[in-house]
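My notes are below the display.

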Amino acid sequence: MNPYFDCFRTFFRIGLFTIGGGYAMIPLIEADVVERKHWVKKEEFLDLVAIAQSAPGVFAVNLSIFIGQRLLGTRGSVVCALGTILPSFLIILVIALFFSQFQHIAWVQSVFKGIRPAVVALIAVPVFKMARTARITRTTIWIPICCALLIALFGLSPIYVILAAGAGGYFYGRFIEPTDE
Amino acid sequence: MTLFSLLVQLFITFFKIGMFGFGGGYAMLSMIQADVVTRYGWLTSGQFTDIVAISQMTPGPIGINSATYVGYTSMVTAGYGHAWGVVGSFTATLAVVLPSFLLMWLLSKFLLRHKNHPIVEQVFTGLRPAVVGLLMAAAFMLLTRENFATPSQPWQFYISCFLFGVAFVGSYCYRINPIALIVACGAAGWLLF
């Protein structure tokens with residue numbers, strides 16, 4: 001089989017069957033790319049996951065770009081990214097086309113009135129989960145709270161918060177808490 | 001706004017989101033919201049919440065889903081019709097993934113080799129708590145009248161708060177699947193509102 005088509009098909013399937021996005025995709029990608037296709041080794045896959053997570057942008061797309069690059073170079077990375085993106089692009093496009101016609105119907109509005117508070121809760125839950133993985137303690141809890149207040153109350157762009165936090169981490173590590181090296 | 005400047009703004013906005021969107025889909029939400037809802041008013045906070053709901057029930061990453069949806073909706077809301085809506089969704093989706101390609105070169109050459117370099121570690125030490133803050137901001141900013149009603153409409157307000165509590169506890173304590181929670185709360189909304 002054409003290797004480009006094989007890559008595209010694999011990532012298209014991954015994009016099509018992972019509901020919930022992002023991290024829900026990891027096990028599926030691993031099953032296909034590591035166990036079934038043997039495209040990358042297990043340890044290498046974990047490295048790629050770590051890099052894709054720390055890089056900005058859409059995690060699953062980053063991961064597919066890295067794997068495509070590893071397999072078939074630049075063209076491979078484009079093909080793999082397309083495969084990951086295309087299913088959600090097409091599905092959302094169809095929904096967007098029709099949702100504008102549905103959304104004024106009374107019962108659809110009632111359904112979404114019930115859904116909206118639940119969605120806000122589903123966004124609030126990962127705050128607590130991420131606080132745990134980011135090892136937020138009583139001495140560092142002011143950082144996320146200040147960031148959130150600056151964005152939500154004072155309308156500061158999240159981009160400045162990201163830049164300031166990265167710089168802050170660098171200066172803290174460099175001048176206040178020197179590492180052993 | 002002219003057609004061309006709207007497309008350029010869509011591109012720039014989502015390019016920035018792809019470029020600075022550290023910490024995955026949910027953290028990107030606060031960036032999307034800051035520009036799309038607060039700054040440009042392309043969507044209301046209610047519409048934005050609906051997109052998140054739809055993103056969670058459909059396949060694919062939330063960043064792609066919301067770029068596609070916002071691109072389409074902003075063009076149609078501005079009065080340009082369905083065909084331009086498709087162009088808008090293509091523009092926004094392309095813009096959000098483009099930085100990933102550009103960064104790939106840097107990352108595969110730099111970060112892969114210097115992953116354990118102290119400077120990289122220091123920067124990420126600062127980023128991690130900030131990303132939690134971004135997520136917190138996204139949740140704060142969605143506590144709006146459109147999503148919860150106001151106490152002057154007690155029936156809808158208290159039921160909304162109750163559904164919020166149910167979804168939070170269900171997801172956090174019992175790890176109930178988000179799709180199941182969304183479907184259940186949608187059914188409750190259909191029956192109660």
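The entries follow in the order in which I looked things up.

Ground rules: I worked on a predicted model, where local features need pLDDT of at least 70, side-chain atom pairs count only at pLDDT 80 or more, and totals for chains, interfaces and linings use all residues. Residues are numbered from 1 along each chain as its sequence is written, chains are lettered from A and ligands numbered from 1 in the order written, and side-chain values use heavy atoms, without hydrogens or water.

Entry 1, domains. I found chain A divided into domain 1 (3-102), domain 2 (105-135) and domain 3 (136-181), with bounds from an automatic or database domain assignment. The C-alpha centres of domains 2 and 3 of chain A lie 26 Å apart.

I took helices as DSSP runs (H or I, at least four residues), numbered from the N terminus. The twelve residues of H2(A), 25-36, should span 16 Å at 1.5 Å a residue, the expected span being 1.5 Å times one less than the number of residues. The end C-alpha atoms are 15 Å apart, which agrees.
Buried residues (under 20% relative accessible area, 1.4 Å probe, protein chains only) include A:Ile26, A:Ile29 and A:Val33. Their cover in H2(A) includes helices H1 (3-17), H3 (42-54) and H4 (59-102) of chain A. Just after H2(A), I noted a positive phi of about 55° at A:His38.

I located A:Tyr160 in helix H7 of chain A. A:Tyr160 is exposed, at 53% relative accessible area, where exposed means over 50%.

Conventions:
Helix = DSSP H or I, 4+ residues; strand = E, 2+ residues; numbered from the N terminus. Contact = heavy atoms within 4.5 Å.
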